[in-house]
Amino acid sequence: MVQSSVMKQSLVFDQLSCRLQVEGLPDVSIGQSGAALGIITGWNLQWLGRPLLEGRREHLQALMQVVLPYARHLISGIRREFSVAGEPVDIGPHPEGGHRLLLRSSQPDTPPLEMHLDDAELADLVRVLDLLRLDPRIQLPLAIPEPEPLGPRELLERIPLHRRLTAPLGGATVLAVSAALVLLLPPPAVPPAPTPPAPAPQAKPG
Amino acid sequence: MANDISEAANPDRVSRPLPRRGLERLDLMLLCMEALDLNGGEAMVWMSEQLGYGGLFPNRVELWKRRCHNPLRRTCRRGEVPVDETDALIRILCVMADRLYPMLRSLLSSSEPEEVASERWALFQGRLEELVQERMNPRRSGVQKLLDPKDGATQRLQLVQGLSLCAGHGGFERIKASLMDAVA
């Protein structure tokens, strides 16, 4: 859906639980016109039953920079915190299940806003962000990390530490117990050294 | 397609075929789609034609043969699947997940009444179990784990969550990167 007033564009992306509205202008300095949106002047994200989120382009980019990699890791079964140093948005697993989205306001004396999202709401958020970044009318670069395959070290994170340590610790324990039992065994009796046979008397000639 | 630019940025990854573990997960996700949609098998063939993959998969047998590279299958095929064919299967998966997104969402939503959510999961689990028992090798530990009431629940939730996050064209890169993961 597009609403335009003179040059100003407003793009709306809807899902069941949220609506993302992005406002901006075509960047005429590089020859953009019509429905193109080369400058984002503001955006807002409406959640059902939650406060309205608003911000500038940097905030939207910060949101995309943590939410999309978080979703990519979830597909591989990895649930961990995502944040970018100095950026106002963090996302991670919520201790009670679901996901915790933390937004820090740039306004002084405003406490951070924490939102508890379930899996369906996270999927809705990812979909509106996908719709935005793939919309051909958005004609400005959005620095979003490329999804990459994960290495063995990162994949090990999805296995709880106690399960990761069970096999090596178990093996080490069995080895230690076996070694102790072997040490408890009495050393085998040393057989007496065989005595050399006495030389046979030699018969004298004559 | 919109992701052609990003694919061009990393030609090495794009040209690598999916590992066996990736083929296994891809087939299981397609199986989940069939469990959610009673006509999923037909829909897959139709979707393949709609997306212009009639040359790669001219009929359902060819589609089935590619899916049989899943090592958990009863009739497992050896060898690698060419990248263009796995890409086509991933795109079919993303479009089907997009079409069935309301069902995926309803399974994941915590705002649904507990009884309704339980019934939905039970229905999905029953259909998936039927399909798994019909097509997969029950002697494989991966199949036994998927059918296990406790361990299988976590895996089924992860499959459904993965499908919800890869629905639509925007999900292609995410799911492909995930299917290319190293073996832990």
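A residue is called buried if 20 or more other C-beta atoms lie within 10 Å of its own, exposed if 12 or fewer do, and partly exposed in between, with C-beta atoms placed from the backbone. By this criterion, 38% of the 184 residues in chain B are buried. The model is predicted: local features need pLDDT of at least 70, side-chain atom pairs count only at pLDDT 80 or more, and totals for chains, interfaces and linings use all residues. Residues are numbered from 1 along each chain as its sequence is written, while chains are lettered from A and ligands numbered from 1 in the order in which they are written.

Helices (H or I, at least four residues) and strands (E, at least two) are DSSP runs numbered from the N terminus. The C-alpha trace of chain B spans about 45 × 35 × 35 Å along its principal axes.

Two residues are in contact if their C-beta atoms, placed from the backbone, lie within 7 Å. Within chain B, of the contacts with a separation of 6 or more, 72% are between residues 24 or more positions apart.

Between the chains, the contact takes 26 residues from chain A and 29 residues from chain B. On the side of chain A that touches chain B, the elements giving two or more residues are α1 (57–75), α2 (119–134) and α3 (152–156) of chain A; α2(A) gives the most, with eight residues.
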